[in-house]
Amino acid sequence: MPKKTYTSVPPNYPVCLQADCPMASACLHQLAYARAEEKENYLLLINPKLCSRDAQCRFYRNSKPVVYARGFTNFQQRMYPGQYREFVSRLLTHFGHNAYYERRRGATALSPREQEIVLAALREAGVKEELKFDSYEENINWND
């Protein structure tokens, strides 16, 4: 499985100034601040008064890479036609037309939350078999 690490912070990513927080060394918002401080003229700042400075901080974003999936083109071969129609219908409703096809062919990686949406659509369509995505990779989860 390919492993990716971050080399740049997404544009307008909120940063945290709480360097004394015990979670700071593993929080993407604090790590983003260290990089943005050197390069950016303006920063999108998380309100310091709303940070709890502990593991329950609502802004905490773990910097550990997570497993993303790419593509599910092989799913159709493992389903009955009726199941596949139901599956596609549910995902088109959720993602929209273009976003669905980008995710289906693997052009857009599926976050862990999006993987669960796809797997839930499989179950709702009546698929009992555990299906695997086309490929997997590790990425930094900036937004979920």
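Biologist: Buried means under 20% relative accessible area, exposed over 50%, and partly exposed in between, using a 1.4 Å probe on protein chains only. Which residues of α4 are buried?

Modeller: They are E114, Q115, V118, A120, A121 and L122. Before we go on, this is a predicted model, where local features need pLDDT of at least 70 and side-chain atom pairs count only at pLDDT 80 or more, while totals for chains, interfaces and linings use all residues. Residues are numbered from 1 along each chain as its sequence is written, and side-chain values use heavy atoms, with hydrogens and water left out.

Biologist: What is a helix here, by definition?

Modeller: Helices are DSSP runs of H or I with at least four residues, and strands are E runs of at least two; both are numbered from the N terminus.

Biologist: And what covers the buried residues of α4?

Modeller: The cover includes β1, α2, α3 and β2. Covering goes by contact, which is heavy atoms within 4.5 Å.

Biologist: How many residues does α4 have, and how far does it reach?

Modeller: α4 has 13 residues and reaches 18 Å from first C-alpha to last, close to the 18 Å expected at 1.5 Å a residue. That expected span is 1.5 Å times one less than the number of residues.

Biologist: What comes just after α4?

Modeller: G126 does, with a positive phi of about 95°. A125 also lies in the loop between α4 and β2, which is residues 135-139.

Biologist: Is A125 buried or exposed?

Modeller: A125 counts as buried because its relative accessibility is 13%. Leaving aside neighbours within four places in sequence, A125 is in contact with Q83, E86 and F87.

Biologist: Switching to α2. Which residues are buried there?

Modeller: Q83, Y84, F87, V88, L91 and F95. Seen down the axis of α2, they fall within an arc of 125°, so they line one face of the helix. The arc is that of the directions from the helix axis to the C-beta atoms.

Biologist: Why do residues three or four places apart point the same way in an α-helix?

Modeller: Because an α-helix has 3.6 residues a turn.

Biologist: What's exposed on the other side of α2?

Modeller: R85 and T93 are. The cover over the buried residues of α2 includes α3 (97-105) and α4 (112-124).

Biologist: At what angle do α2 and α4 pack?

Modeller: About 145°, with the axes 8 Å apart. Axes are lines fitted to C-alpha atoms, for helices over the stretch in contact, and angles run from 0 to 180 degrees between N-to-C directions.

Biologist: Which residues make that contact?

Modeller: From α2, E86, F87, R90, L91, H94 and F95. From α4, E114, I117, V118, A121, L122 and E124. Together they divide into 7 nonpolar, 1 polar and 4 charged. Ala, Val, Leu, Ile, Met, Phe, Trp, Tyr, Cys and Pro count as nonpolar, Asp, Glu, Lys and Arg as charged, and the others, Gly among them, as polar.

Biologist: Where is V88 placed?

Modeller: In helix α2, residues 81-95. V88 counts as buried because its relative accessibility is 12%. V88 and Q30 are 58 residues apart in sequence and 39 Å apart in space, C-alpha to C-alpha.

Biologist: Which helix holds Q30?

Modeller: Q30 lies in α1. With a relative accessible area of 12%, Q30 is buried. Beyond its neighbours within four places in sequence, Q30 is in contact with C16, L17, Q18, A19 and A24.

Biologist: Which other residues of α1 are buried along with Q30?

Modeller: L28, H29, A32, Y33 and A36. α1 has 12 residues and reaches 17 Å between its first and last C-alpha, close to the 16 Å expected at 1.5 Å a residue.

Biologist: Now the loop between α1 and β1. What is the phi of R53?

Modeller: Near 55°, a positive value in a residue other than glycine. R53 sits in that loop and is partly exposed, with a relative accessible area of 37%.

Biologist: Where does S52 lie?

Modeller: In the loop between α1 (28-39) and β1 (66-70). S52 counts as partly exposed at 38% relative accessibility.

Biologist: Last one. Where is N12 found?

Modeller: In the segment before α1. N12 has a positive phi of about 60° although it is not a glycine. N12 is exposed, with a relative accessible area of 67%.
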